[in-house]
Amino acid sequence: MMEKLFTGLCYTGAWTCLDEFNRIDIEVLSVIAQQLRTIRQAKLENKTEFDFEGNMVKLIDTMGVFITMNPGYAGRVELPDNLKV
């Protein structure tokens, strides 16, 4: 599901906000983190097209993902290492 969202963002150059990101299960967080890392690397290399999850995806460089977290949430999850800055 997130793959489709990120692919659409890449094709359109749109932005999204993932709210209360640390409420997602750790297994899902890890997958999303890897997908975001792939997109970030393509942006850093100024690519206009890149391999994303086995498909060639057009990348408009205005694409962006913003994340909010709620540190006070009792059931929050620690971020995986591949998502930490």
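Biologist: What makes Phe6 count as buried?

Modeller: In this predicted model, Phe6 has a relative accessibility of 0%. The cut-off for buried is under 20%, so Phe6 counts as buried.

Biologist: Where is Phe6 found, and which residues does Phe6 touch beyond four places in sequence?

Modeller: Phe6 is found in helix H1. Leaving aside neighbours within four places in sequence, Phe6 is in contact with Leu18, Ile32, Gln35, Leu36, Ile39, Phe52, Met63 and Val65. Contact here means heavy atoms within 4.5 Å.

Biologist: What makes Gln35 buried?

Modeller: The relative accessible area of Gln35 is 5%. Buried means under 20%, so Gln35 is buried. Gln35 has its place in helix H2. Apart from neighbours within four places in sequence, Gln35 is in contact with Met2, Glu3, Phe6, Phe52 and Glu53.

Biologist: How do you know whether H1 and H2 are roughly parallel or roughly antiparallel?

Modeller: The axes of helix H1 (residues 2–12) and helix H2 (residues 26–44) cross at roughly 20°. Angles under 35 degrees count as roughly parallel, so H1 and H2 are roughly parallel to each other. The two axes come within 11 Å. The crossing in which H1 passes H2 is right-handed.

Biologist: Which residues meet where H1 and H2 are in contact?

Modeller: From H1 there are Met2, Glu3, Phe6 and Cys10, and from H2 there are Ile32, Gln35, Leu36 and Ile39. Six of the residues in this contact are nonpolar, one is polar and one is charged.

Biologist: What makes up the largest nonpolar core, and which residues have the most contacts inside it?

Modeller: The largest nonpolar core has 16 residues, and Phe6, Cys10, Ile39 and Phe50 have the most contacts inside it. Two or more residues of this core come from each of H1, H2 and strand S2 (49–52). H2 gives the largest share, five residues.

Biologist: How many helices and strands does the protein have, and how do they run from the N terminus?

Modeller: The protein has two helices and four strands. From the N terminus on, the elements run α-β-α-β-β-β.

Biologist: What share of the residues in the protein is buried?

Modeller: Of the 85 residues, 31% are buried.

Biologist: What share of the contacts joins residues at least 24 apart?

Modeller: Among contacts between residues at least 6 apart in sequence, 70% join residues at least 24 apart.

Methods
Residues numbered from 1 in each chain as written. Predicted model: local features only at pLDDT ≥ 70, side-chain atom pairs only at ≥ 80, totals over all residues. Heavy atoms only, no water. Axes fitted to C-alpha atoms, helices over the stretch in contact; angles between N-to-C directions. Parallel < 35°, antiparallel > 145°, perpendicular 65-115°, else oblique. Left-handed = near helix turned anticlockwise from the far one by under 90°. Nonpolar A, V, L, I, M, F, W, Y, C, P; charged D, E, K, R; others polar. Buried < 20%, exposed > 50% of the residue type's maximum accessible area, 1.4 Å probe, protein only. Core = buried A, V, L, I, M, F, W, Y, C linked by side-chain atoms within 4.5 Å.
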